[in-house]
Amino acid sequence: MIITGGKYKGRKISAPDEKITRPTLSKVRMGVFNTLFSIIGDFEGKTFLDVFGGSGIMGLEALSRGFDEVLVFEKNPKAAQVIKKNYTTLKLAPNLKIGDSLKLIEKVDNNYDVIYIDPPYLSGIYEKIFERIKSNSIIIAEHSEDINIGSFVLIKEKNYGGKKVSFIKNY
């Protein structure tokens with residue numbers, strides 16, 4: 001995989017085994033950050049939480065594009081090792097918490113400007129994550145099926161073939 005924008009644009013990173021994760025495609029990553037820029041503007045001074053890290057690509061894209069702080073959650077120890085390696089390759093120290101995202105999100109100050117949610121599809125976990133988000137963050141959910149966003153407000157939704165990316169706000 002290649003970082004698609006910002007100061008690390010063009011840098012190659014590793015992905016965990018496809019049986020463990022489903023990396024976000026480059027065209028989807030570009031679309032996510034372009035749309036996000038149109039919603040919040042400059043990323044400088046902003047914070048980003050990637051709730052299901054996988055390879056760490058979304059957090060690395062966020063740092064590359066100017067976010068000040070990125071926190072990544074990952075449950076799978078093998079994927080967590082890949083995340084550490086990818087950050088080290090770029091001479092960055094990962095801000096990584098290893099464990100169950102549902103438990104971790106309750107333990108952190110989830111006052112992040114952007115929260116990115118891309119769990120295993122069809123896991124039924126989206127609603128459980130939404131219940132735990134108390135901040136006024138922009139939430140970006142990558143999904144294949146319709147999801148219940150509860151009292152949150154859908155700002156924008158983009159379709160990329162068989163997947164959707166929803167931009168959601170908790171007012």
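Colleague: Why does Phe67 count as buried?

Modeller: This is a predicted model, and in it Phe67 has a relative accessibility of 3%. Buried means under 20%, so Phe67 counts as buried.

Colleague: Which residues is Phe67 in contact with, leaving aside its neighbours within four places in sequence?

Modeller: They are Phe33, Leu36, Ile40, Phe43, Lys46, Thr47, Phe48, Ala62 and Val114.

Colleague: I see some rings in that list. How many aromatic pairs does a search of the whole structure find?

Modeller: The search finds seven. Let us take Phe33 and Phe43 as an example: their ring centres are 6.1 Å apart and their planes stand at 75 degrees.

Colleague: What makes the pair of Phe33 and Phe43 edge-to-face?

Modeller: Two values decide that. Rings pair if their centres lie within 6.5 Å, and planes over 60 degrees apart count as edge-to-face. With 6.1 Å between the centres and 75 degrees between the planes, Phe33 and Phe43 are therefore an edge-to-face pair.

Colleague: Where in the chain are Phe33 and Phe43?

Modeller: Phe33 is in helix α1, residues 26-40, while Phe43 is in the loop between α1 and β1. The two are 10 residues apart, and their pair links distant parts of the chain.

Colleague: How do you know whether Phe33 is buried or exposed?

Modeller: Its relative accessibility is 1%, and the limit for buried is under 20%, so Phe33 counts as buried. Phe43, at 4%, counts as buried too.

Colleague: Why is the pair of Phe43 and Phe67 called stacked?

Modeller: Here the ring centres are 4.6 Å apart and the planes are at 20 degrees. Planes under 30 degrees apart count as stacked, so this pair is stacked.

Colleague: Which residues do ring pairs link into a cluster?

Modeller: The cluster holds Phe33, Phe37, Phe43, Phe48, Phe67 and Tyr116. Some of these names return in the largest nonpolar core, which has 29 residues: Val32, Phe33, Leu36, Phe48, Phe67, Val70 and Ile140 touch the most other members there.

Colleague: Which element gives the most to this core?

Modeller: That is α2, with five residues. The elements giving two or more residues are α1, α2, β2, α3 (77-89), β4 (114-117), β5 (138-143) and β7 (163-169). A second, separate core of 23 residues includes Leu102, Leu104, Ile117 and Ile147.

Colleague: What makes you call α2 mostly covered?

Modeller: Eight of its eight residues are buried. Among them are Ile57, Met58, Leu60 and Leu63. The buried residues of α2 pack against α1, β1, β2, α3 and β4. After the helix comes Gly66, whose phi is positive, near 115 degrees.

Colleague: Which residue other than glycine has a positive phi, near 60 degrees?

Modeller: That is Lys91, which sits in the loop between α3 and β3 (96-98).

Colleague: How do you know whether Lys91 is buried or exposed?

Modeller: Its relative accessible area is 77%. Exposed means over 50%, so Lys91 is exposed. By the same cut-off Lys12, with 62%, is exposed; Lys12 is found in the segment before α1.

Colleague: What is Lys12 in contact with, leaving aside its neighbours within four places in sequence?

Modeller: Lys12 is in contact with Met1, Ile2 and Thr89. The C-alpha atoms of Lys12 and Thr89 are separated by 9.0 Å, and the two residues are 77 residues apart along the chain.

Colleague: Why does Ser55 count as buried?

Modeller: Ser55 has a relative accessibility of 3%, and buried means under 20%, so Ser55 counts as buried. Its place is in the loop between β1 and α2. Beyond neighbours within four places in sequence, its contacts include Met1, Ile13, Pro16 and Ile83.

Colleague: And why is Ile155 called partly exposed?

Modeller: Its relative accessible area is 36%. Buried is under 20%, exposed is over 50%, and partly exposed is in between, so Ile155 is partly exposed. Ile155 is in strand β6, residues 153-160. Together with Val153 and Tyr171, Ile155 forms a nonpolar patch on the surface, with about 310 Å² of accessible area for the three together.

Methods. Residues numbered from 1 in each chain as written. Predicted model: local features only at pLDDT ≥ 70, side-chain atom pairs only at ≥ 80, totals over all residues. Heavy atoms only, no water. Phe/Tyr/Trp six-rings, centres within 6.5 Å; stacked < 30°, edge-to-face > 60°. Helix = DSSP H or I, 4+ residues; strand = E, 2+ residues; numbered from the N terminus. Buried < 20%, exposed > 50% of the residue type's maximum accessible area, 1.4 Å probe, protein only. Patch = residues over 30% accessible without salt bridge, like charges linked within 9 Å, V, L, I, M, F, W, Y side chains within 5 Å. Areas by Shrake-Rupley, 256 points an atom, 1.4 Å probe, with all protein chains shown as cover. Salt bridge = Lys/Arg side-chain N within 4 Å of Asp/Glu carboxyl O. Core = buried A, V, L, I, M, F, W, Y, C linked by side-chain atoms within 4.5 Å. Contact = heavy atoms within 4.5 Å.
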